[in-house]
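Open the structure in your viewer and keep the selection tool at hand. Each stop tells you what to select and what you will find there.

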Amino acid sequence: MAFIDLSKRYGPRFALRGVSLSIAPGECVALVGPNGSGKTTLLKAAALLIRPSSGRVEFSAAGAQSGVTNGDSNSCAIKRSIGFVSHSILLYDDLTAEENLILFARLYALDSPEDRARGALGPAGLAARAGDLVRNFSRGMRQRLAIARALLASPRLLLFDEPSTGLDREGQQWLGATLTALVAGGCTVIMSTHGAGETAACVTRAIRMVSGVVAEDSAFSGGARAMLAAALAAHEEA
Amino acid sequence: MSLARPIGILFEKELRTEFRTRELLVSTFVFVLIVLVLFSFTFDPTTAESRRFGPGLLWLALLFAGSLMLHPSFTREQSNETLVALRMAPIEPVSIVAAKILANSCFLLVAELILLPVFAALYNLRILPVLGRLIAVMILGTLAISIVGTVFAAISSQARMRELLLPLLLLPLLTPALVASAEATAGLFEDQPALPVVWMAVLAAFDTIFLTVTWLFGEYLLEE
């Protein structure tokens, strides 16, 4: 996928300013940078959730662009291949864990939604709580379920906004192992991170954003690990 | 995926969550009941008086209740940003709005069906001889409230003063539907009950126009 001269403006303020990036299949890209640097907006643009003020997002496999195809069959084909974990859990508090996953499995027209839901709950460590309402879950369990929902339709592109939030050590290990397996299988991952946790292990490229622009890209400068370490140090200092 | 399938899936989700919380149905029922009872104290509900004022009061109460009930239909998608998840699903965005219109219509109709006998008793009106035609008016009038109300609930849900904004947008826009519903209902309580075809046509046209506009511009309603 590629972001081509992408800008997003909210009123007078630019959240993204002329971002151009090309991301190859199977890359695991970490977006680092201070709060308000445009990481979440870039992920939302990739998820077709916001209409760019200028520029475009291209998905080479489908040959489509964001912002102009929302709602048509081409856009639906792209959406089917994207999994998204946001700051919020994107799940219904008044449905059970299993009902939530079945709902989205049906919306994604997956075969045997009940089996897919049960199959996703197991690895997330939530099989025993499948029948519980999400409102009764702890923060970590909610995050596990949010990740399970994002992985439900076997996406080719995963967009994670701070995926480790709320996860305990065991949960982070599960997420790290899951991401490593997905990247090894050719799945493209873009995640915003502060550089910490098990998820950093599978990162193949780091991009530092500042004030809506790409300040540094390890694809050109090298040293993804060093950039993640610097991001972590800056985060801990802040 | 056809449009009917995601609408059906999301409609089922709306019913399931409402069944668990009963927020919308109970608040609508209680609000309309209170308004009808309070109005019944303000004048002597003889048959003649009730024929004059009853239908208007009923639809005014339903309109106010609708503006209260429809407000949470989108704002409760905001607590966990579930609307984002729905927008990311490979479905037509208008199906999300359509499912909410369908669900809101059902909740309002259920509340109305429960309240009709109360309305008849309080206002000394005989509804049984005209029940079928009254339900036809109810369906068209309720659809009008649901379509316009759901659309403006979606628009106002992202605004700062959303609690105030929805009634302010909704009440003027629904005035034609309110007049048509009240007139059509009043015709059923005349000495010679008759369904006013002109007012029913106005209601049907109102529903068709707003449904078409929603269909055409539905995807823009949900954008950030």
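**Stop 1: a helix across the strands**

Select helix α6 of chain A, residues 169-184. It lies across β3 (28-32), β7 and β8 (188-192) of chain A. Its direction makes an angle of about 140° with β8(A). Keep in mind as you look that this is a predicted model.

Now select helix α8 of chain A, residues 224-237. This helix lies across β3, β9 (205-210) and β10 of chain A. It runs at about 45° to β9(A).

**Stop 2: the sheet**

Show the strands of chain A next. In what order do the six strands of the open sheet come? The order is β6-β7-β8-β3-β9-β10 in chain A, and the pairing is mixed. In general, strands of a sheet pair through backbone hydrogen bonds, either parallel or antiparallel.

Which strands stand at the edges? They are β6 (82-85) and β10 (213-217) of chain A. Each has a single partner strand, so one side of each has no neighbour in the sheet. On average, neighbouring strands of this sheet are turned by 20° against each other, direction ignored.

β6(A) pairs with strand β7 of chain A, residues 157-161, in the parallel sense. Four bridges make up this pairing. Select Phe84(A): it stands opposite Leu159(A) in β7(A).

**Stop 3: strand β3(A)**

Select β3(A). Five of its five residues are buried, so the strand is mostly covered by the definition of at least 20 other C-beta atoms within 10 Å. Turn the view to see both faces. Cys28(A), Ala30(A) and Val32(A) are on one side, with Val29(A) and Leu31(A) on the other. Both faces are covered.

Look at the partners of β3(A) next. Four bridges join β3(A) to β8(A), and the two run parallel. Select Val29(A) to find its bridge partner in β8(A), Ile190(A). β3(A) is also joined to β9(A) by four bridges, again running parallel. There, Ala30(A) has Ala206(A) as its bridge partner.

**Stop 4: a covered helix**

Select helix α1 of chain A, residues 39-46. Why is this helix largely enclosed by the rest of the structure? Seven of its eight residues are buried, so it counts as largely enclosed. Those buried are Lys39(A), Thr41(A), Leu42(A), Leu43(A), Lys44(A), Ala45(A) and Ala46(A). Go on to Leu48(A), which follows α1(A). Its phi is positive, near 65°.

**Stop 5**

Is Ser112(A) buried or exposed? It has 10 C-beta neighbours inside 10 Å, so it counts as exposed.

Move to chain B and select Glu81(B). Its place is in the loop between α3 (47-75) and α4 of chain B. Phi of Glu81(B) is near 55°, a positive value in a residue other than glycine. Glu81(B) has 16 C-beta neighbours inside 10 Å, so it counts as partly exposed.

**Stop 6**

Select Arg87(B), in helix α4 of chain B. It has 21 C-beta neighbours inside 10 Å and therefore counts as buried. Which residues does Arg87(B) contact, leaving aside neighbours within four places in sequence? They are Leu49(A), Pro93(B) and Leu222(B).

Now show both chains. Their contact takes 24 residues from chain B and 26 residues from chain A. On the chain B side, α1 (4-21) and α4 (82-88) are the elements that give two or more residues. The largest share, seven residues, comes from α1(B). That side of chain B divides into 10 nonpolar, five polar and nine charged residues.

**Stop 6: a helix pair in chain B**

Finish with helices α6 (residues 131-156) and α7 (residues 162-173) of chain B. Their axes come within 9 Å and cross at roughly 145°. The crossing is right-handed. Select the residues in contact, including Phe152(B) of α6(B) and Leu169(B) of α7(B). By class, this contact has eight nonpolar, two polar and one charged residues.

Methods:
Residues are numbered from 1 along each chain as its sequence is written. Chains are lettered from A and ligands numbered from 1 in the order in which they are written. This is a predicted model: local features need pLDDT of at least 70, side-chain atom pairs count only at pLDDT 80 or more; totals for chains, interfaces and linings use all residues. Two residues are in contact if their C-beta atoms, placed from the backbone, lie within 7 Å. Ala, Val, Leu, Ile, Met, Phe, Trp, Tyr, Cys and Pro count as nonpolar, Asp, Glu, Lys and Arg as charged, and the others, Gly among them, as polar. A residue is buried if 20 or more other C-beta atoms lie within 10 Å of its own, exposed if 12 or fewer, and partly exposed in between; C-beta atoms are placed from the backbone. Axes are lines fitted to C-alpha atoms, for helices over the stretch in contact, and angles run from 0 to 180 degrees between N-to-C directions. A crossing is left-handed if the near helix is turned anticlockwise from the far one by less than a right angle, and right-handed if clockwise. Two strands pair if DSSP finds at least two bridges between them.
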